[in-house]
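Subject: Structure handover

Hello,

Here is the structure I promised you. Please open it before you read on.

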Amino acid sequence: MANALADRVRAAETVAVARALTVVENDLEAGAALLAALHGSVGRAHRVGLTGPPGAGKSTLVSALARGWRRDGRRVGVVAVDPTSPFSGGALLGDRIRMTEHAGDAGVFVRSVASRGAGGGLSRGAHDAADVLDAAGFDPVMLETVGVGQGEVAIAAAADTVVVVVAPGGGDSVQAMKSGILEIADLIVVNQSDREGADRLVADLEAAVDLRAQPTQPRVLRTTATEGEGVDALRAAIDERAAAGAEAFRARREARALARIRDEVERRRGREFWAARGAALACLAAEVVDGTTTVAAAADRLLAKRAPDEAVD
Ligand SMILES: Nc1nc2c(ncn2[C@@H]2O[C@H](COP(=O)(O)OP(=O)(O)OP(=O)(O)O)[C@@H](O)[C@H]2O)c(=O)[nH]1
Ligand SMILES: [Mg+2]
């Protein structure tokens, strides 16, 4: 099954790509088999992570970038990471609306994934989906994540090119600067340049970038995504980086593989661990409520328990 589907994904059959994305998202075993069958075709796409505060205009920018790449005849993949954080809830619906521009165009494939899979893996869903799109020949593949949680930022940080999107107004962008999100940026975009405070924000960001003693300082660009202004320049900056070739992204890709392997091991270990301790966990939860033990003491007892069938004393 995996090989037949993989062939159809490589042939970029839209139905097969959609099916493959569903398989990798929902079925661990079949998903692993499918990704193994696709593996030789993965690694050609340039992966662009876009992150930044909620509402900065990431989705609007993604849509505008896709429009430009489509004009160049490129096929564009988009993975929108649906934040589980209630802080930015509603992003999914918003993305659907903003992406309708590309509905019906087989050259733009948009997929939303959960940032946190059932097993707690942070980056699995997003990167697995990006692998499928990559194997199907979409290039570039953009990953949009809201820069609020560590996990979401980590997904974007593992891309070949990291674009941090901020906007004037509100404290979010200042907060973003403080939170270290800029440290991961290859390109910093001040979107909503049509709004008041954009000049000031650009100046602040340029000053912040200058202060850092890094071998390659991120460029600061400005866009008005809703008007498409500055989007071609951003696209050119991304393409310029991509032109350096896959070897230039070797370190980034190894870091990405490392994080994914760790995720996978943790997910499996977590599953095994809890499968053997479900009953003990339920008992301990009752004890915590009864006041006979504490959360920390309950965790101590679970971790001290060696054999899966050994009773918790
Ligand atoms: N004035 C102005 N508004 C913009 C610009 N870009 C986006 N917007 C608006 O800002 C709002 C948020 O845009 P989104 O693209 O959804 O922002 P986002 O960063 O994807 O938001 P989340 O995914 O929820 O974090 C929308 O109402 C957009 O129309 C811009 O350049 N100028
Ligand atoms: Mg969005």
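Below are the notes on the metal site and the salt bridges.

This is a predicted model, in which local features need pLDDT of at least 70, side-chain atom pairs count only at pLDDT 80 or more, and totals for chains, interfaces and linings use all residues. Residues are numbered from 1 along each chain as its sequence is written, chains are lettered from A and ligands numbered from 1 in the order in which they are written, and side-chain values use heavy atoms, with hydrogens and water left out.

**The metal site**

Start with the magnesium ion (ligand 2). Ser59 (OG) and Glu144 (OE) coordinate it at 2.1 to 2.2 Å. Donors here are N, O and S atoms within 2.8 Å of the metal (3.2 Å for Na, K and Ca); water is not among the atoms, so sites may look incomplete. Ser59 sits in helix α4 (residues 58-71) and Glu144 in strand β4 (residues 141-146), 85 residues apart. Helices (H or I, at least four residues) and strands (E, at least two) are DSSP runs, numbered from the N terminus. Both Ser59 and Glu144 are buried. Buried means under 20% relative accessible area, exposed means over 50%, and partly exposed lies in between (1.4 Å probe, protein chains only).

**The salt bridges**

A salt bridge is a side-chain nitrogen of Lys or Arg within 4 Å of a carboxyl oxygen of Asp or Glu. The count by this rule is 22. Look at three of them.

- Arg47 and Asp131 meet at 2.6 Å, N to O. Arg47 is in strand β1 (residues 47-52) and Asp131 is in helix α6 (residues 124-135), so the pair ties together parts 84 residues apart in sequence. Arg47 counts as buried because its relative accessibility is 1%. Asp131 is buried too, at 10%.
- Arg235 pairs with Asp72, with the closest N and O atoms 2.8 Å apart. Arg235 belongs to helix α10 (residues 231-242), while Asp72 lies in the loop between α4 and β2 (76-82), 163 residues apart. Arg235 is buried at 8% relative accessibility. Asp72 is partly exposed at 48%.
- Arg222 pairs with Asp199, with the closest N and O atoms 2.9 Å apart. Arg222 is in strand β7 (residues 219-222) and Asp199 in helix α9 (residues 198-211), 23 residues apart. Arg222 is partly exposed at 37%. Asp199 is exposed at 55%.

Which residues are joined into one network by salt bridges that share partners? They are Arg47, Asp128, Asp131, Asp134 and Arg260.

Best wishes
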